[in-house]
Amino acid sequence: MSTVDWSKLSFGYIKTDYNIRSHYRDGKWSEPEAETSEYINLHMAATTLHYGQEVFEGLKAFRGKDGKVRIFRMHENALRLQSSCRGIKMAELPVEMFEKMVLQAVKKNEHFVPPYESGASLYIRPLMIGTSAQVGVKPSVEYTFIIFVTPVGPYFKAGFKPTPMVILREYDRAAPLGTGTYKVGGNYAASLVAGEKAHEMGYSAVLYLDAKEKKYIDECGPANFFAIKDNTYITPKSTSILPSITNKSLMQLAEDMGLKVERRPIPEEELETFEEAGACGTAAVISPILRIDDISENKSYVFSKDGEPGPISLKLYNQLRAIQYGDESDKYGWVTIVE
Ligand code: PLP
Ligand code: COI
């Protein structure tokens, strides 16, 4: 049995009982198998190690008041994984297989799904790597797909409390026609120097501008950016950001609340006009932004004067969480109940 102190969980790795694996060989995926080992036996010339053939996903399972476990929008994650695979020439995993393996991973580790009251959840991390031994730069012919799970608390230590973010103009995360729209390991490697610098300076994340013109808002470290003004939910349209499933959900919820929704390029100057701003993602949920500092331009944009989340961010957060935990009806069919 697990002896996790649910209330003290941060966003980290805790060993669970099983991970689920399938291997791609001769053009076919093998029947998924549950493994207890946390390790992979990998050839030193595997393409993942040299040429970065690695894609991953992130989704969550939640335990409701009724004790049932709900997985949020796994179909969307299955489709995005396929898109990432196409983006860096990896074998695609069938959607049904992704869903079956997610369910298997959650069921096999069900006692790690935190209780309803804790506000924590089970993070599900699917990943795929190229495993063929190769030295020339070309796609692997064999792949391994693994899903592990780990119980998590808030991604940003503050949880649902506004935190400051920073624009560091000397770093880019992804190029306009590069891999920013795919969930590939290389994008995260590219963000580490700026991310650590931001943390050392006391910021929770880097707010990236578009790499070409340094004019428009891209995204916030491991999350999308959104803002509220004049009863409108505004979020960037960009060819270098990850299409966030949380953001897609919030756009729908915003519309349901009677807000207008705009997905368009957001010039940095417009930050001055926003009433609320936040980062959103599976890990980040909604992480309200206190202030954005554009250090080299000596500019600062403040979104929370009292250190509290804005009213619309709060409403969106509550509505999203209510659907995820099963407190609110699932009218869009976003939730899969684990039977
Ligand atoms: N942007 C980046 C770079 C991310 O890593 C994530 C996390 O998955 C997101 C945005 C948010 O996406 P989602 O809401 O699908 O988790
Ligand atoms: C997620 O929100 O699922 C992420 O992948 C963000 C980060 C932990 C990489």
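This is a predicted model: local features need pLDDT of at least 70, side-chain atom pairs count only at pLDDT 80 or more; totals for chains, interfaces and linings use all residues.
Two strands count as paired if DSSP finds at least two bridges between them.

Let's begin with strand β11, residues 217-220. On one side, β11 is joined to strand β10, residues 205-209, by two bridges. These two run antiparallel. In that pairing, L207 stands opposite C220. Now the other partner. Strand β12 covers residues 223-229, and it also pairs with β11 in the antiparallel sense, again over two bridges. The hairpin of β11 and β12 has two residues between the strands. There, G221 takes a positive phi near 50°.

Next, the overall layout. The chain is divided into domain 1, residues 6-152, and domain 2, residues 163-324. The centres of the two domains, taken over C-alpha atoms, are 26 Å apart.

How many residues of each domain are in contact with the other? On the domain 1 side there are 21, and on the domain 2 side 19. How do we put a size on that? The size of an interface is often given as the accessible area lost when the parts come together. Here, domain 1 and domain 2 bury about 1800 Å² between them. Carbon and sulfur atoms carry 61% of it. Three residues deserve a mention: F56, F72 and R80. Together they supply 34% of the area that domain 1 buries against domain 2, more than any other three residues.

What about polar links? Between the domains we count nine residue pairs in polar contact, both at pLDDT 80 or more. The count of salt bridges between the domains is one. Find E76 and K248: they form a salt bridge, with the closest N and O atoms 3.0 Å apart. Which elements give two or more residues to the side of domain 1 that touches domain 2? They are β4, β5, β6 and α2. The largest share, six residues, comes from α2.

Let's stay with β5, residues 59-63. Is this strand enclosed or open? Five of its five residues are buried, so β5 is largely enclosed by the rest of the structure. Both faces are covered. L59, A61 and R63 are buried on one side, K60 and F62 on the other.

Strand β5 has partners too. With β7, residues 121-130, it pairs in the antiparallel sense over three bridges. K60 has Y123 as its bridge partner there. With β6, residues 69-72, the strand β5 also runs antiparallel, joined by three bridges. In that pairing, R63 is partnered by V69. The hairpin of β5 and β6 has five residues between the strands. One of the residues to look at is G67, which takes a positive phi near 85°.

Last stop: R21, in strand β1, residues 19-25. Is R21 buried or exposed? Its relative accessibility is 8%. The cut-off for buried is under 20%, so R21 counts as buried. Beyond its close neighbours in sequence, R21 is in contact with several residues, including E31, M101 and F145. Its side chain reaches the backbone oxygen of S37 at 2.9 Å. The backbone oxygen of Y39 also lies 2.9 Å from a polar atom of that side chain. Now compare L250, 229 residues from R21 along the chain. The C-alpha atoms of R21 and L250 are separated by 32 Å.

Technical notes:
Residues are numbered from 1 along each chain as its sequence is written. Chains are lettered from A and ligands numbered from 1 in the order in which they are written. Side-chain values use heavy atoms; hydrogens and water are left out. Buried means under 20% relative accessible area, exposed over 50%, partly exposed in between (1.4 Å probe, protein chains only). Helices (H or I, at least four residues) and strands (E, at least two) are DSSP runs, numbered from the N terminus. Domain bounds come from an automatic or database domain assignment. Contact means heavy atoms within 4.5 Å. Buried area is the accessible area (1.4 Å probe) that two parts lose on being put together, summed over both. A salt bridge is a side-chain nitrogen of Lys or Arg within 4 Å of a carboxyl oxygen of Asp or Glu. A polar contact is a pair of N or O atoms within 3.5 Å; within protein, one must be able to donate a hydrogen and the other to accept it, and residues adjacent in sequence count only if both atoms are side-chain atoms. Lists of a residue's contacts leave out its neighbours within four places in sequence.
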